[in-house]
Amino acid sequence: MQTYLDFEKPISDLEGKIHELKKLASEDESIDTSEEITRLEARVREATREVYAKLGAWEKTQVARHPQRPHFIDYSTRLFTDFTPLAGDRNFGEDAAIQAGLARFNGMPVAIIGQEKGHDTKTRLKHNFGSPRPEGYRKAIRVMEMAGRFGLPVITLVDTAGAYPGVGAEERGQAEAIARSTEMCLALKVPMVSVVIGEGGSGGAIAIATGNRVYMLEHAIYSVISPEGAASILWRDSTRAREAATNMKITADDLKALGIIDDIIPEPIGGAHREPDTVIAATGKVIASALEDLGQLSGDELRSARRQKFLDIGRNL
């Protein structure tokens, strides 16, 4: 069943009518509703174009969090072959919020890392809603070290509201784990490509997104804190999240203009959740192009360019 966001009411109303007409036609074959259904489907396409053409930062935040938006597992299944997930940080335990391992991308051996949110109650609990604990980042460090040792490009898919803020995570060194993961990204002498496919929340995102190329899907967001968190801190009122989102410059267009990301991957009209195969294929093409370009550089050049890329952010503002 399709999940509709608040601003999608014009679309949901029309698609509701289409559903009723199809149900009516299935119950009584003497009733021909095909012409009316065709007309309504055209109106749905037009309404979807109109709604998505004027999305603000808060609406894009909702799209980035859409429960039916494709997650890491969807990308890993369609883009990679021979994926072998690796578990545990060799210190404390396993953290399913971060998925990492070795795979082949267009026949090329690579290391892949990403946050997985889950798609139903059971899997969301298993993956802690995509909010990693320290052991998740230490697992990512372990996989990146392995990639560096064997000369494997690193591909990361970012989708997290942020690192898990629980007491246990803090006791086990959450900040230190994030810092070391970020440091490891900067130290790699292999190509690293990062894509924000949903939410890119705070240090929980940057810890695996400090790549040579950083891309965002059109309706993804990338921020130092969630709009709700920013509103709570600034105004002590989380209901002002819309206002916070607008002022924080968290959309792909904003971040491209600021030089935080390298480019934007377009989404189908209506968002990635409406045509997941299309957006996943487009993401694969962008990653392939980036790896081809980066493959021309030596290890020292890759590391130097990556470090300089992040040092340069903000200098021209």
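Start by selecting histidine 71, which sits in the loop between helix H3 (57–64) and helix H4 (72–79); helices (H or I, at least four residues) and strands (E, at least two) are DSSP runs numbered from the N terminus. Before going on, note that this is a predicted model, where local features need pLDDT of at least 70, side-chain atom pairs count only at pLDDT 80 or more, and totals for chains, interfaces and linings use all residues. Residues are numbered from 1 along each chain as its sequence is written, and side-chain values use heavy atoms, with hydrogens and water left out.

Is histidine 71 buried or exposed? It counts as buried, because its relative accessibility is 6% (buried is under 20% relative accessible area, exposed over 50%, partly exposed in between, with a 1.4 Å probe and protein chains only). Now show its contacts (heavy atoms within 4.5 Å). Not counting residues up to four places away in sequence, histidine 71 touches His66, Glu116, Lys117, Gly118, Asp159 and Ile197.

**Next stop: strand E4**

Strand E3 (residues 108–115) runs parallel to E4 over four bridges, and glycine 114 has leucine 157 as its bridge partner. Strand E5 (residues 192–201) also pairs with E4 in the parallel sense, over six bridges; there, threonine 156 stands opposite serine 194.

**Into the core**

Select Ile113, Met144 and Val154. Of the 56 residues in the largest nonpolar core, these touch the most other members. A nonpolar core is a set of buried Ala, Val, Leu, Ile, Met, Phe, Trp, Tyr and Cys residues joined through side-chain atoms within 4.5 Å. Another core lies apart from it, with 14 residues, among them Ile11, Leu14, Ile18 and Tyr52.

**The largest pocket**

Which residues lie nearest the centre of the largest pocket? Pick Gln2, Tyr4, Glu15, Gly16 and His19, from a lining of 10 residues. Helix H1 (9–27) and helix H2 (34–53) each supply at least two lining residues, and H1 gives the most, with five. The volume is about 290 Å³.

A pocket here is an open set of points on a 1 Å grid over the protein atoms alone, where a 1.4 Å probe fits, with protein on both sides within 12 Å along at least five of seven lines; lining residues have an atom within 4 Å of a point. Volume is the space filled by probe spheres set on the points, which are joined across faces, edges and corners.

Now select Tyr222, Ser223, Val224, Leu255 and Ile260, which lie nearest the centre of the second largest pocket, lined by 14 residues. Its volume is about 220 Å³. Helix H9 (202–206) gives the most to this lining, with three residues.

Finish at isoleucine 225, in the loop between strand E7 (221–223) and helix H10 (227–235). With a relative accessible area of 28%, isoleucine 225 is partly exposed. Leaving aside neighbours within four places in sequence, it is in contact with Ala230, Ile233 and Met248.

Technical notes
Pairing = 2+ DSSP bridges.
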